[in-house]
Amino acid sequence: MTAFIEAASPHVMNTYGRVPIALARGQGCRVWDVNGKEYLDALGGIAVNTLGHNHPKLVPALQHQLTQLIHTSNYYHVPGQETLAEQLVARSGMQNVFFCNSGLEANEAALKIARKFGNDKGISRAQVVVYEQAFHGRSIATLSATGNPKIHAGFTPLLDDFVRVPKNDIEALKQATEGNTSITAVFLETIQGEGGLHPLRFEYLQQVRQLCDERGWLMMIDEVQTGMGRTGKWFAHQWAGIVPDVMTLAKGLGSGVPVGAVVAGPRAANVLQPGNHGSTFGGNPLAMRAGIETIRIMEEDNLLQNAATVGAHLKAALQAAFAGEAGVKEVRGQGLMIGVELAKPCGVLVQRAADAGLLVSVTSESVVRLVPPLILSTAEADAIVALLAPLVKAFLAE
Ligand SMILES: *Cc1c(COP(=O)(O)O)cnc(C)c1O
């Protein structure tokens, strides 16, 4: 047992139910706690640590940046913004980028774009289509867009900007918006992350793209978790062969350095004008360097391919390990974003896995989520299965 911190810290606000472990250092896909116990990191800081820990190419680049500039403010040009924006535009086929610091900030900006896009057309109360089980963040606007009543509880009134629909049902989307001239955008996750690893079908994404074109709506995709190579392509919507009008990024973009981005296509690129939006920290030189180096190292080390092949290997190995196990409903996901859905709530597995030396999370109560660094090796994938499978089987037998 590694029960180091027995109770919540008295001076840190009690917003998380934490596992009683304090991590001290990491190397690759391994981390060590303050007592020296080793863990295989299949959580990657919740899909953030794209390059794992203490990456030998990333750390020296960030060290160098610290000696140059950390922060300057957006009153001046930040050359790294132009470099990172150009790289995101090149890989997405979109047009320009706004930089911020987190996922909810990127989504908040996207929702402002949806409102302003409507306002510019004379729509005074813009409405945005969102999804059941969606997760977009914890600010008032983004929690209102989120589909989980537990996240709403205690924070009403919610914004009434949203029309909520079930996923993968184009007829339901058409019906819910019929005759509603206030709709300006559809906002979706390609694979719902926090909501339980639910993919939107490629065909459905194509249908939404077509409907948005027909109706003059913005197609806005929250790639905060699925983007930056997580699924084996730069952005998960690329599997469906579509291009959105607005895409939000954060988690994996800076390999652990906080950075968020809103990427806009031609229909959304000029909606925000000087004075409409801003961020003090957004796009600072350190964050930009982290994003630029993340992309450079991902390409040098072929990590999109690695995410695709090691992810496919991991998924197949989990499916094999749980074949015939009635308590395992499904192993699903794409690339290194994998969920194992059990037939009963399994939050206790987070602690048990940690005790066994494996970091995972449980989302949506009954889905074990694996979002390891994109540098994961096949041997490490096998080690994840070897640690996780017996725990899950024992839990299901209880
Ligand atoms: C994590 C997440 C967010 C929120 O990101 P924060 O950086 O925590 O604000 C928003 N959308 C999706 C899809 C996410 O996975």
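I take contact to mean heavy atoms within 4.5 Å. The model I am reading is a predicted one.

**Entry 1: the two domains**

I looked up the domain assignment, which gives domain 1 as 23-55 + 303-396 and domain 2 as 69-300. I then checked how the two meet. On the domain 1 side 26 residues are in contact with 27 residues of domain 2. Their C-alpha centres lie 27 Å apart. For the area buried between domain 1 and domain 2 I noted about 2300 Å², with carbon and sulfur atoms giving 59%. Leu304, Gln334 and Met337 are the residues of domain 1 that lose the most area to domain 2, together 30% of what that side buries.

**Entry 2: polar links across the interface**

I counted twelve residue pairs in polar contact between domain 1 and domain 2, both residues at pLDDT 80 or more. I also asked which elements of domain 1 supply at least two residues each to the side that touches domain 2. They are helix H1 (44-47), helix H10 (303-321), strand E13 (328-334), strand E14 (337-342) and strand E17 (367-370). H10 gives the largest share of that side, four residues. By class, I noted 15 nonpolar, eight polar and three charged residues on the side of domain 1 that touches domain 2. The rule finds two salt bridges across this interface. I also looked up the salt bridge of glutamate 194 with arginine 369, where the closest N and O atoms are 2.7 Å apart.

**Entry 3: salt bridges in helix H9**

The count for the model comes to 20 salt bridges. I followed arginine 296 first. It pairs with glutamate 293, the closest N and O atoms being 2.6 Å apart. Both residues lie in helix H9 (residues 285-300), three residues apart, about one turn of the helix. Arginine 296 also forms a salt bridge with glutamate 300, at 2.7 Å between the closest N and O atoms. Arginine 296 and glutamate 300 are four residues apart in H9, again about one turn of the helix.

Arginine 296 is partly exposed at 33%, and glutamate 300 is partly exposed at 47%. I noted that a network of salt bridges links Lys57, Arg289, Glu293, Arg296, Glu300 and Asp301.

**Entry 4: a pair between strands**

I found lysine 329 and glutamate 341 meeting in a salt bridge, 3.6 Å from N to O. Lysine 329 is in strand E13 and glutamate 341 in strand E14, so the pair ties together parts twelve residues apart in sequence. Lysine 329 is exposed, with a relative accessible area of 55%, whereas glutamate 341 counts as buried at 15%.

**Entry 5: aspartate 41**

I placed aspartate 41 in strand E3 (residues 38-41). It counts as buried because its relative accessibility is 3%. Leaving out residues up to four places away in sequence, aspartate 41 touches Cys29, Val31, Asn49, His53, Leu359, Pro372 and Pro373. Its side chain reaches the backbone nitrogen of leucine 43 at 3.0 Å.

**Entry 6: asparagine 101**

I found asparagine 101 in the loop between strand E4 (96-100) and helix H4 (103-120). Asparagine 101 is buried, with a relative accessible area of 18%. Its side chain has a polar contact of 3.1 Å with the side chain of glutamate 105 and one of 3.3 Å with the side chain of serine 279. Among the residues that asparagine 101 touches, not counting those up to four places away in sequence, I listed Pro258, Val259 and Phe281.

Notes: Residues are numbered from 1 along each chain as its sequence is written. This is a predicted model: local features need pLDDT of at least 70, side-chain atom pairs count only at pLDDT 80 or more; totals for chains, interfaces and linings use all residues. Side-chain values use heavy atoms; hydrogens and water are left out. Buried means under 20% relative accessible area, exposed over 50%, partly exposed in between (1.4 Å probe, protein chains only). A polar contact is a pair of N or O atoms within 3.5 Å; within protein, one must be able to donate a hydrogen and the other to accept it, and residues adjacent in sequence count only if both atoms are side-chain atoms. Domain bounds come from an automatic or database domain assignment. Buried area is the accessible area (1.4 Å probe) that two parts lose on being put together, summed over both. A salt bridge is a side-chain nitrogen of Lys or Arg within 4 Å of a carboxyl oxygen of Asp or Glu. Ala, Val, Leu, Ile, Met, Phe, Trp, Tyr, Cys and Pro count as nonpolar, Asp, Glu, Lys and Arg as charged, and the others, Gly among them, as polar.
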